Amino acid sequence: MLQDFSICIQTKFVFGKNAAAQTAREIKLFGAKNVLIHHDGGKFLYDTGLLAEIENQLKAEGIRIAELGGVLPNPRLSLVREGIGLAKKEQIDFILAIGGGSVIDSAKAIGLGAAADTDVWDFFTGQRQPERTLPVGVILTCPATGSESSAVAVVNNTEVGKKLLISHPVVRPVLAVMDPELTCSLPKFLTACGIVDMFSHVCERYFSPDEEIGVIDRMAEGILKTLIELGPKVLEEPSDYSARGELMWIGTIAHNNTVGIGRVQDWATHEIGNELSALYDTPHGVTLSVVMGAWMRYVYRKKPMRFARYAREVFGVEWDGTNALEAAEKGIEMTETFFQKLGMPVSFEEFQIPTDRIEDMLDRIAFCGEDCSIGGIVRLNREDCRNIYELAKKKA
C-alpha cells in the first residue's frame, strides 16, 4: 500500500522545438530584473549561439545580466561560493542554469547561499535547514540527473574530499525549458552516462522493502523497459528527435519522485558510487554503472522475489514464481550487459579506477541510524559496502 506522502512539484515545464525562444518571456513572469546566467563555458553554448540568443532575449525584456561559467562535472563548492558572492553583489533575483545536472546543482547551491546568512556548505552537512532560495530556472542541454525538477542538489567540496547532497523541496527549480533538439549533438559517452543515471534513479526507488504498489511499480518498470529500448537506438541515431525527446522527459520523471512516492527508497548505489567521484572525480554515470551490478549481486539473495520480478518485467526473463534466485541472477547479468551495450564500464578495472583507497571511501560514506548503515531494501554497514567495492573491482 502507498505510505503517506506530501509532494509539490512547482516546476513549470516548457517542452518542445524552439522552447528556448520562450525563456526570457517566462523568466519575466517571475518578476526577475537581475538574472545570473550560470553555465559550464562549453563550446556548445557559443558554437550554437544559444548563450548569445538567451542574453539578447533577456536584454530585450529589460532584464540585467550577470554571468558565471566554469562549472565542472561533480560541481565544485569553490565556484558555488564565487557565484554566491557575485549574486549578492549584483543583487541577483533569478538564476538561469544552462546545461546539465552539474550546472543545475551548482545554480541551486548558489540560490541557497545567496538567500542565506550562513555558509552554503552548512546546508549540505545538515547543520542548517534551508528556508528560502533565489528562484532557479533551467535550459536543459544534457538530460541525465533530473535536476531540472528534483528537490536534490549535489556539490563536491574538494578541500575536504566530500561530495554531499541536500534534499529539500525549496531547491526545486521554478522553470525548466526543454528542447530535445539541443541534445542531439551530445557525445555518445555523455548520452550513455545520462541513460545510466536515469536507469539508476528509477532502480533506487523500485528496489524498496515495501510491498508491491501496482501503479508505481508498473510505471517504474515501463520507464526501465523504455530506456533499454531507447538507449542503443539513440546512440546509433543521435539526431532522432523523438528518441531524444523521450529520453529528456524520462530524465525528469525518473528523479522528481514520480515513481518514488509512498515508499521507502534505497540510494545505496548512489551513496557508494559518489565516493568515487569525491576521490577520483569519476563521472557520475560511470560510478553508477560500476557499482550497480556489484550492489545487486550482493543483496539479491535477501530479496530474491523483488529481483526476480525486476528480471521478468524489465528484461523479459521467464519466471514462474519458483525459480526466483535463477531469474534474479539472469536479470542482474542482463543489467550489466545493457550498460556494456551503451559502452559503459561495469567494474573499476574497465575504467581504470584505482582500488587502493577503499577504506578512505568507506570513511566518507554517511552511515546513519542505530545500526550505522545505508540503504533501503537491504541495510548495509561498513563491511557490506567494503564487500560491494571488492565485487566491483573486476567484472563478474
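A residue is called buried when its relative accessible area is under 20%, exposed when it is over 50%, and partly exposed in between, with a 1.4 Å probe and protein chains only. The structure is a predicted model, in which local features need pLDDT of at least 70 and side-chain atom pairs count only at pLDDT 80 or more, while totals for chains, interfaces and linings use all residues. Residues are numbered from 1 along each chain as its sequence is written, and side-chain values use heavy atoms, with hydrogens and water left out.

Rings of Phe, Tyr and Trp (its six-membered ring) pair if their centres lie within 6.5 Å, and the planes count as stacked under 30 degrees apart, edge-to-face over 60 and tilted for the rest. By this rule there are 16 aromatic pairs. The rings of Phe13 and Trp249 are edge-to-face, because their centres are 5.1 Å apart and their planes stand at 80°. This pair links distant parts of the chain, with Phe13 in strand β1 and Trp249 in helix α9, 236 residues apart; helices (H or I, at least four residues) and strands (E, at least two) are DSSP runs, numbered from the N terminus. Phe13 is partly exposed, at a relative accessible area of 27%, and Trp249 is also partly exposed, at 33%.

The rings of Phe199 and Phe339 are likewise edge-to-face, since their centres lie 5.7 Å apart with the planes at 85°. Phe199 belongs to helix α7 and Phe339 to helix α13, so the pair ties together parts that are 140 residues apart in sequence. Both Phe199 and Phe339 are buried.
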